Amino acid sequence: MSGATVPRPLPAPISRTIPQPRPSVADPILDVRDVTLRFGGLTSLDGVSLRQGRGSVLAVIGPNGAGKTSLFNCLTGAYRPQQGSARFWPTAPATSANPAGASALEGVGEGGVELVGRSPHRVARVGIARTFQNIRLFPEMSAVENVQVGVEVRARAGALRGLVPTRAVRREEREILERSHLLLDFVGLRHRVRWPAGSLAYGEQRRLEIARALGTSPSLLLLDEPAAGATASERRDLVALIRAIVDQGVSVLLIEHDIRLVAAVARSIVVLNFGRVIATGSPEQIRSDPAVVEAYLGDSDGRADDRAGDRTAGQAGDRADGREGRR
Ligand SMILES: Nc1ncnc2c1ncn2[C@@H]1O[C@H](COP(=O)(O)OP(=O)(O)OP(=O)(O)O)[C@@H](O)[C@H]1O
Ligand SMILES: [Mg+2]
């Protein structure tokens, strides 16, 4: 972020919010059980289970090809695993029209909602947003237009907006634009509002993707290697941004190779290797776990050396093959 400022509070959803009690991490937001994903003879995910507390940052780390992005794809409807379940407990923003918040969301009961089998669009509507390992913006559209695409996911008027320009529709359009500007401000891109997304610097494009994802008012934000290609100062800004997002009650599931960045924001880490969970624990526990050191963090002498902390885009991060996200 420019000037390394701590972002301003995340703007409220389009409709007016009612203050909610601070979330407790003891309550789950996500409960993944025994997810197995195969492509022909290759097993990308092999009985993966993990649990995330509401309001927390959970990091997923592991070597290239471990299955991290595949896990995101299973949670967001891009892939359908052959086996397993992923329950999600959304927090709908409580509004004056809907003071109950989440409980009023369609189909949300005690057991949460099942993500496996939902289409990407229905996953987004229930309150999960993501960014992509290979940035996916509309490069010709301006920064603010890209964010508007996200904000419109939750808008009421939908496709009718262009057809029936009632007063309510016009008001909603103004609110969408206003919220999109606030989100750009939040991620430190106020000075890039009218710039085509494709002309922004790499780190700025990553922040723009985060703004667009936040536009959908998610309860859970999935970030796939948001620091890939970032400079040291951009990484510090990203840490501040992730903390600010969590301060707003949004839980974050984070794929990241930079173990120092992970330790700065996440209390819990899940380590994947060859599609399996090989360790779960705090950053301290993970750094000293022999299986993790051997599979991922260790150098040839077996010492944990933060090797992953030095990875940048083009190494760990951004394959150009565009494979991720495809069915
Ligand atoms: N659509 C697909 N078709 C075939 N194989 C796939 C597909 N998507 C993922 N895989 C395979 O699944 C395995 C896990 O890939 P995935 O992209 O999830 O790893 P990752 O942990 O995100 O790795 P990286 O750190 O390189 O991003 C790899 O062997 C990959 O080749
Ligand atoms: Mg990946």
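How many C-beta neighbours does Gly 84 have inside 10 Å, and does Gly 84 count as buried, partly exposed or exposed? The points below come back to this; note that the model is predicted.

1. Overall content. The protein chain holds 9 helices and 10 strands. Of its 327 residues, 43% are buried.

2. The hairpin. Strand 1 covers residues 28-39 and strand 2 covers residues 42-53; the two pair in the antiparallel sense over 8 bridges. Together they form a hairpin with 2 residues between the strands. Gly 40 sits in the turn and has a positive phi of about 55 degrees.

3. As background, the strands of a sheet pair through backbone hydrogen bonds, either parallel or antiparallel.

4. Gly 84. This residue is found in strand 4. To answer the opening question, Gly 84 has 17 C-beta neighbours inside 10 Å, so Gly 84 counts as partly exposed. The cut-off for a buried residue is 20 or more such atoms, and for an exposed one 12 or fewer. Leaving aside neighbours within four places in sequence, Gly 84 is in contact with Arg 33, Asp 34, Val 35, Thr 36 and Val 116. Thr 36 shows how sequence and space can part ways: Gly 84 and Thr 36 are 48 residues apart in sequence, yet 6.3 Å apart in space, C-alpha to C-alpha.

5. Asp 34. One of the contacts of Gly 84 is Asp 34, which lies in strand 1. Phi of Asp 34 is near 55 degrees, a positive value in a residue other than glycine. Asp 34 has 14 other C-beta atoms within 10 Å and is therefore partly exposed.

6. Helix 5. This helix runs over residues 202-215 and has 14 residues. From first C-alpha to last, helix 5 reaches 20 Å, close to the 20 Å expected at 1.5 Å a residue. Is helix 5 largely enclosed by the rest of the structure, or largely open? Since 13 of its 14 residues are buried, helix 5 is largely enclosed by the rest of the structure.

7. Ser 217. Just after helix 5 comes Ser 217, in the loop between helix 5 and strand 7 (220-224). Ser 217 has a positive phi of about 50 degrees although it is not a glycine. How many C-beta neighbours does Ser 217 have inside 10 Å? There are 23, so Ser 217 counts as buried.

Key: Residues are numbered from 1 along each chain as its sequence is written. Chains are lettered from A and ligands numbered from 1 in the order in which they are written. This is a predicted model: local features need pLDDT of at least 70, side-chain atom pairs count only at pLDDT 80 or more; totals for chains, interfaces and linings use all residues. Two strands pair if DSSP finds at least two bridges between them. Helices (H or I, at least four residues) and strands (E, at least two) are DSSP runs, numbered from the N terminus. The expected span of a helix is 1.5 Å times one less than its number of residues. Two residues are in contact if their C-beta atoms, placed from the backbone, lie within 7 Å.
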